[in-house]
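Colleague: Can you walk me through this model? I'd like to start with what counts as a touch between residues.

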Amino acid sequence: MDILPSEFSVRRLYEAMTAIITPRPIAWVSTIDREGVCNLAPYSFFNGVGANPPTLMFCPANKPDGTAKDTLANIRANGQFVVNIVTDETFGEMKHSALEVASEEDEFVLTGTEKTASSVVAPPRVSNVAAAMECELLTAMQLGVGPGGANLVVGKIVSIHLRDNVLDADGRVDPEKIATIGRMGGPRYTKTLDRFE
């Protein structure tokens, strides 16, 4: 089967892409609006960009009505966000935070997720995550319009929080100690515990 994107709906393309591009790491992004209301939402089109400068990117799609999601609106308004890394321990809270709620609702409160003040940026980070990266906006590009329209957010990492129990004896991150969760197609996820070299 050959798929020509021009002949498929956005939904069908999304389903195909998310079934093929797997597993995808999850950016659990925390932001804050101008009134001080926090937003917390997961995005699985996410990855690192490079270490010089330290940068990462994620791609929030537009809401069904074609407007920007709260995460993107908040980042455009204040230029800051935190990417919290999702592991086995935080999976339930992350999944709950994916619900569509009014912009004046704080997803930290909604999901019972504890927040902690960040070191450099205004948005808080999730307290119990294995790792969190505080970011300042480098660029936010609109790639598509309307419902599901793609946007690309690139952030410079200005501070990294690491939980002590994910470090080795030399103070380096031990990949064996971070049980990250990956997104598969549809409602499926995978655990990254089965590893090989």
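Modeller: Contact means heavy atoms within 4.5 Å. Keep in mind that this is a predicted model.

Colleague: OK, take serine 159. Which residues does serine 159 touch, not counting residues up to four places away in sequence?

Modeller: Leaving out residues up to four places away in sequence, serine 159 touches Ser119, Val120, Ala132, Met133 and Glu134.

Colleague: And where is the place of serine 159?

Modeller: Serine 159 sits in strand β10.

Colleague: Is serine 159 buried or exposed?

Modeller: Its relative accessible area is 16%. Buried means under 20%, so serine 159 counts as buried.

Colleague: Let's change topic. How many residues has the largest nonpolar core?

Modeller: There are 17 residues in the largest nonpolar core. Val29, Phe46, Leu56, Phe58, Phe81, Val83 and Met133 are those with the most contacts inside it.

Colleague: Which elements give two or more residues to this core?

Modeller: The strands are β2 (27–32), β3 (38–43), β5 (54–58), β6 (80–85), β9 (131–142) and β10 (151–162), and α2 (70–78) is on the list too.

Colleague: Pick leucine 56. What does leucine 56 touch, not counting residues up to four places away in sequence?

Modeller: With residues up to four places away in sequence not counted, leucine 56 touches Phe46, Asn47, Gly48, Val49, Phe81, Val83, Met133, Cys135, Val153, Val154, Gly155 and Ile157. There is also a second, separate core of 14 residues, which includes Leu40, Val82, Phe108 and Val129.

Colleague: Now the pockets. How is empty space found?

Modeller: Rolling a probe the size of a water molecule over the atoms shows where empty space is left. In this model, about 1,200 Å³ of space lies in the largest pocket.

Colleague: What lines the largest pocket?

Modeller: Its lining has 43 residues, and Tyr14, Tyr43, Ala61, Asn62 and Lys69 lie nearest the centre. Helix α1 gives the largest share of that lining, seven residues. By class, the lining has 24 nonpolar, nine polar and 10 charged residues.

Colleague: And the second largest pocket: what is its volume?

Modeller: The second largest pocket has about 440 Å³. Of the 22 residues lining it, Phe46, Ile85, Ala131, Met133 and Ile178 lie nearest its centre.

How values were computed:
Residues numbered from 1 in each chain as written. Predicted model: local features only at pLDDT ≥ 70, side-chain atom pairs only at ≥ 80, totals over all residues. Heavy atoms only, no water. Core = buried A, V, L, I, M, F, W, Y, C linked by side-chain atoms within 4.5 Å. Buried < 20%, exposed > 50% of the residue type's maximum accessible area, 1.4 Å probe, protein only. Helix = DSSP H or I, 4+ residues; strand = E, 2+ residues; numbered from the N terminus. 1 Å grid on protein atoms, 1.4 Å probe; cavity = no way out; pocket = protein on both sides within 12 Å on 5 of 7 lines; lining within 4 Å. Points joined across faces, edges and corners; volume = space filled by probe spheres on them. Nonpolar A, V, L, I, M, F, W, Y, C, P; charged D, E, K, R; others polar.
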